[in-house]
Amino acid sequence: MASEVRHLVDRGSEYPLVRLTGALDAGTAQAMRAALLDVLAEQPEAVLVDASELILPAPDAVSVLRDVRQETADWPAAHLALCDTRGAAAWPGIGWPVWPGPREALADLGRPDPDHRLHLALEPALGAARRARELITEACARWDRPELAGPACIVVTELVNNVVVHARTPMVVLVATHGSGLSVAVRDHSGIVPTFTGGPVPPTAYGGRGMLLIDSVAERWGNLRLGEGKVVWALLPDSEDPESASM
């Protein structure tokens, strides 16, 4: 009989709580990854993952949690908090903090600050990039980051136009503070990811020229493949922050 991992998402608490049950192995690892990324794509400040009822994984399947943490380290600056009554010894080498349960994780993480995370749903139509720039400008003014409004508008314009021209699906623009900097992301429902080689860009390339612009103003950028679609994100540092400038 094939193994299975089931997940129940509770959005009624301060942070989304994903309860995992079943057996984690090589056959179910990718389904679990897709479930976690789908919750992360909603841009919560943190996601609690309760694995207490998950059957202890095979060594080769544990790596999926390590990979998810690495993939999402910079977007959207969300904390992934693993909760397991068996403790960190049950999850060697994954790099996640492990709490005994959601209550302990909530106590350490503190209350979320939704005022520092904004989102905007858009259709792939004329004017979408303008509305996205308005959101960015408003966010940078509200969060006292006026120096980031220009580069962030460059990023969001290119990301939104890529969706309008190539993906042609509804999208969600996500913007959040990231330390003293800013993260900007766009989620759509196309599995095609932008390409960037750093060299000459063919006229028909998906996102080639746009990603060249983003690469010139962002500290880092990347994409997350979801169960349905993707998120493309960019991290913009505060140029006046000595720590950001040296990274």
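## Close-up views of a predicted model

**View 1. Val-47 and Leu-80 mark where strands E3 and E4 meet.** The bridge partner of Val-47 in E4 is Leu-80. The structure shown here and in the other views is a predicted model. Strand E3 covers residues 46-55, and its pairing with E4 is parallel, with 5 bridges. E4 (residues 79-83) is mostly covered, with 4 of its 5 residues buried. E4 also pairs in the parallel sense with strand E5 (residues 98-99), here over 2 bridges. In that pairing Cys-83 stands opposite Trp-99 in E5.

**View 2. The whole protein, for orientation.** The protein has 7 helices and 10 strands. Of its 247 residues, 48% count as buried. The accessible surface comes to about 11,800 Å², and carbon and sulfur atoms account for 54% of that surface. Among contacts between residues at least 6 apart in sequence, 66% join residues at least 24 apart.

**View 3. An open sheet is built from 5 strands.** In which order do the strands of this open sheet lie? The order is E6-E7-E8-E10-E9, and the pairing is antiparallel. Strand E6 (117-122) and strand E9 (220-225) are the edge strands, each pairing on one side only. On average, neighbouring strands of this sheet are turned by 15° against each other, direction ignored. Strands of a sheet are held in pairs through backbone hydrogen bonds, in either a parallel or an antiparallel arrangement.

View 4. E6 and E7 (residues 171-178) run antiparallel and are joined by 6 bridges.

**View 5. Strand E10 is enclosed.** Is strand E10 largely enclosed or exposed? All 7 of the 7 residues of E10 (residues 230-236) are buried, so this strand is largely enclosed by the rest of the structure. Lys-230, Val-232, Ala-234 and Leu-236 point one way from E10, whereas Val-231, Trp-233 and Leu-235 point the other way. E10 pairs with E8 in the antiparallel sense over 7 bridges, and with E9 in the antiparallel sense over 6 bridges. Leu-235 in E10 has Ser-183 opposite, and Arg-220 also stands opposite Leu-235. The hairpin of E9 and E10 has 4 residues between the strands, and in this hairpin Gly-229 takes a positive phi near 95°.

**View 6. Helix H1 and its buried residues.** H1 has 12 residues (residues 29-40), which at 1.5 Å a residue should span 16 Å. The end C-alpha atoms of H1 are 17 Å apart, which agrees. Among the buried residues of H1 are Ala-29, Met-32, Leu-36 and Leu-40.

**View 7. Two loop residues with positive phi.** Asp-144 has a positive phi of about 55° although it is not a glycine. Asp-144 lies in the loop between H4 and helix H5 (149-167). With a relative accessibility of 63%, Asp-144 counts as exposed. Arg-168, also a residue other than glycine, has a positive phi near 60°. Arg-168 is placed in the loop between H5 and E7, and at 62% relative accessibility Arg-168 counts as exposed.

View 8. How many salt bridges does a search of the whole structure find? The search finds 10 salt bridges. One of them joins Glu-14 and Arg-111, with the closest N and O atoms 3.0 Å apart. Glu-14 is in the loop between strand E1 (5-10) and strand E2 (17-23), and Arg-111 is in the loop between helix H3 (102-109) and E6, so the pair ties together parts that are 97 residues apart in sequence. Glu-14 counts as partly exposed at 37% relative accessibility, whereas Arg-111, at 68%, counts as exposed.

A salt bridge also forms between the side chains of Arg-19 and Asp-50 (2.8 Å, N to O). Arg-19 is in strand E2 and Asp-50 in strand E3, 31 residues apart. Asp-50 counts as buried at 10% relative accessibility.

Asp-38 and Arg-187 form a salt bridge with the closest N and O atoms 2.9 Å apart. Asp-38 belongs to helix H1 and Arg-187 to strand E8, so this pair ties together parts that are 149 residues apart in sequence. Asp-38 is partly exposed at 34% relative accessibility, and Arg-187 is buried at 16%.

Terms used:
Residues numbered from 1 in each chain as written. Predicted model: local features only at pLDDT ≥ 70, side-chain atom pairs only at ≥ 80, totals over all residues. Heavy atoms only, no water. Pairing = 2+ DSSP bridges. Axes fitted to C-alpha atoms, helices over the stretch in contact; angles between N-to-C directions. Buried < 20%, exposed > 50% of the residue type's maximum accessible area, 1.4 Å probe, protein only. Expected span 1.5 Å × (residues − 1). Contact = heavy atoms within 4.5 Å. Areas by Shrake-Rupley, 256 points an atom, 1.4 Å probe, with all protein chains shown as cover. Salt bridge = Lys/Arg side-chain N within 4 Å of Asp/Glu carboxyl O.
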